[in-house]
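Welcome! Please take a look at the structure below, and then read on for a short tour.

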Amino acid sequence: MNYRLLTRKTPYKPNSRSGRPRVTDIRSDRCIQRMTAGQKMSVREITGASRLQISKNTVRRIIESAYMIHAKMARRLPLSTLHISKRLQWARNQMSYGDKWMAVRFSDEKNGTSMDLTGI
């Protein structure tokens, strides 16, 4: 097979694709995916921001082809005053730990190394 391609008199050219030509190229697909991942933009905003004349369904298809799910983030409830006061109390308790920190051994379990603060 390779010998035939190399010894052929006419240059090798792949067959043209059948069907409708693509509206977007790979570069514009990546640009749309970057807009989706980096910013919180809706499909309609992305359609308007892109320089191409594409439909919302095309944008959805591009997003889905990148295994990205474009959905709004779930809203979180703000901390209640009780939780804020408990967090502040915990932080104040840790600040008053003082010299007891010298007895604490910190370890990096990923590398298996540890750091002892007694030698500092």
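**Overall layout**

From the N terminus on, the elements of the protein chain run α-α-α-α-α-β-β, that is, five helices and two strands. Helices (H or I, at least four residues) and strands (E, at least two) are DSSP runs, numbered from the N terminus. This is a predicted model, in which local features need pLDDT of at least 70 and side-chain atom pairs count only at pLDDT 80 or more, while totals for chains, interfaces and linings use all residues. Residues are numbered from 1 along each chain as its sequence is written, and side-chain values use heavy atoms, with hydrogens and water left out.

**Surface and contacts**

- Of the 120 residues in the protein chain, 14% are buried (under 20% relative accessible area, with exposed over 50% and partly exposed in between; 1.4 Å probe, protein chains only).
- The protein chain exposes about 11800 Å², and carbon and sulfur atoms supply 54% of it (Shrake-Rupley method with a 1.4 Å probe).
- Among contacts (heavy atoms within 4.5 Å) with a separation of 6 or more, 37% are between residues 24 or more positions apart.

**Two buried residues**

- Ser 28 is found in helix α2 (residues 26-38) and counts as buried, because its relative accessible area is 15%.
- The side chains of Ser 28 and Asp 25 are joined by a polar contact of 2.7 Å (a pair of N or O atoms within 3.5 Å; within protein, one must be able to donate a hydrogen and the other to accept it, and residues adjacent in sequence count only if both atoms are side-chain atoms).
- Ser 28 and Leu 52 are 24 residues apart along the chain, and their C-alpha atoms are separated by 8.7 Å.
- Thr 47 sits in helix α3 (residues 43-49) and is buried too, at 17% relative accessibility.
- A polar atom of the Thr 47 side chain lies 2.7 Å from the backbone oxygen of Val 43.
- Leaving aside residues up to four places away in sequence, Thr 47 touches Leu 52, Ile 54, Ser 55, Lys 56 and Val 59.

**The second largest pocket**

- A pocket is an open set of points on a 1 Å grid over the protein atoms alone where a 1.4 Å probe fits, with protein on both sides within 12 Å along at least five of seven lines; lining residues have an atom within 4 Å of a point.
- About 240 Å³ of space lies in the second largest pocket, a volume being the space filled by probe spheres set on the points.
- Its lining includes Arg 20, Asp 29 and Arg 61.
- Helix α4 (residues 56-65) gives the largest share of this lining, four residues.
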